[in-house]
Amino acid sequence: MSPRMRARAARARRRVAFPYWPDSDRHAWEREMSEPPTPLDQPGRGVHLSAASRRVYEHAWGHYLAWLRAQDIALDAPLAERVTPTLFAGWLAHLRAHKRSAQTIHNLLEKLVRALDLLEPSPAWKQLRRLPGWPTPSERRATRRLEPEMPDAAVLLTSTLAACDEAKARPLGRASALAFRNAFMIAFAMLHPFRRRSLGEIELGSGLTQIAAGVWRLHVSRTKLKTGFDVRLASVLVPHLEHYLGVVRPYLMGGAPEAHAHLWVGPSGRHLVGESLYRVFRDTGKRQFRCRLYPHQVRHLAATSVLGRDPRALALATAILGNGSSVSVNGTYDRSGREASLSMWRELRRRIRRR
């Protein structure tokens, strides 16, 4: 077992798994996560949560239950008796005794409060944030890791395209196939910055179609606008796409349990989507640029790079992002005023130093 798997198994032993929760907690959780039996009934408060979010909140409550069990406290007691200010303060002290960082403790506590609100809504849970042991913003800032600066958009694109060429020149194997897929995916997202769900749902035939030699069309059906749109694939990506479809994807699909038309596939041939897609961006960014990349971060970088070079190119940035209007683009991605202020501030500091 690898060190990562051993650490994951150790964390699992420190929490109470969902099947072993008290009956009252398990039934309340299932009720809040299920669809209503009829359209007239009220849906559960957790119906909208993704599987990953539900798992995070389940783990937070499972860790607290494991701590209660270690304190010889009955797990089948009413919820209000298991989550008192005194017990919660003890849980806070337990987290601090294990030398967790302030930011990590804050994240764990926020997840636990959210899990409590799903189990049994009560205004008392919000008061837990006022307990003395809750990490303060200054403590969290002091322990927060400083991420390296994101690379420039042009550097990111040229580096990923160069990585595609390097992986293409290597003998075909699992490592070279995954290296090419990872670099090509980030370059693809850089030139076509779709949202993560839209990126993961591209299918051959319906979402990606060849309309002529060297010409491909992308169709995005799921957007915030409730309407899809078509865009022509960037010409610089065409040779890499054809290599991916002709060599890399068939190689990765060799171990697939069943055939599918999704563009992005994992090492076992299954559809790559959700958290797996997220990890490709994160791990590739850490290896190649010493910083974490996220799908939406690449989307943000694509838009800000356009507006940074020409603040008047709102229409171009809006078209790149596939937004319905330039209002959100202007408010979220236009950093030209901020960059100008930073330049003036740096110049002022240089002048002061010369005196």
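These legends accompany several close-up views of the structure above.

The model is predicted, with local features needing pLDDT of at least 70 and side-chain atom pairs counting only at pLDDT 80 or more, while totals for chains, interfaces and linings use all residues. Residues are numbered from 1 along each chain as its sequence is written, and side-chain values use heavy atoms, with hydrogens and water left out.

**View 1. The whole chain, to get our bearings.**
The protein chain has 17 helices and three strands; helices (H or I, at least four residues) and strands (E, at least two) are DSSP runs, numbered from the N terminus. Of its 355 residues, 38% count as buried. Here buried means under 20% relative accessible area, exposed means over 50%, and partly exposed lies in between, using a 1.4 Å probe and protein chains only. Among contacts (heavy atoms within 4.5 Å) between residues at least 6 apart in sequence, 59% join residues at least 24 apart.

**View 2. Helix α6 and the helices packed against it.**
Helix α6 covers residues 102-119, 18 residues in total. From first C-alpha to last it reaches 26 Å, close to the 26 Å expected at 1.5 Å a residue; the expected span is 1.5 Å times one less than the number of residues. Look for its buried residues, among them A102, I105, L109, L112, L116 and L119. An α-helix has 3.6 residues a turn, so residues three or four places apart point the same way. The buried residues of α6 pack against α2 (23-32), α3 (51-70), α4 (79-82), α5 (85-97), α7 (124-127) and α8 (137-143).

**View 3. The α9 and α10 helix pair.**
Helix α9 (residues 153-169) packs with helix α10 (residues 174-191) at an angle of about 150°, and their axes are 8 Å apart. Axes are lines fitted to C-alpha atoms, for helices over the stretch in contact, and angles run from 0 to 180 degrees between N-to-C directions. The two helices are therefore roughly antiparallel to each other, a term for angles over 145 degrees. The crossing of α9 past α10 is left-handed, meaning that the near helix is turned anticlockwise from the far one by less than a right angle. On the α9 side the meeting residues include L156, L157, L161 and C164, and on the α10 side they include F180, F184, I186 and M190.

**View 4. The open three-stranded sheet.**
The strands lie in the order β1-β2-β3, with antiparallel pairing; two strands pair if DSSP finds at least two bridges between them. At the edges are β1 (208-212) and β3 (229-232), each pairing on one side only. Neighbouring strands are turned by 30° against each other on average, direction ignored. Four bridges join β1 and β2, where Q210 has W216 as its bridge partner and T209 has R217. Strand β2 (residues 215-220) also pairs with β3 over four bridges: L218 stands opposite V231, and R217 stands opposite R232. The hairpin of β1 and β2 has two residues between the strands, and G214 takes a positive phi near 75° there.

**View 5. D72 in its loop.**
D72 is found in the loop between α3 and α4. Its phi is near 60°, a positive value in a residue other than glycine. Most residues other than glycine have a negative phi. At 73% relative accessibility, D72 counts as exposed.

Conventions
Parallel < 35°, antiparallel > 145°, perpendicular 65-115°, else oblique.
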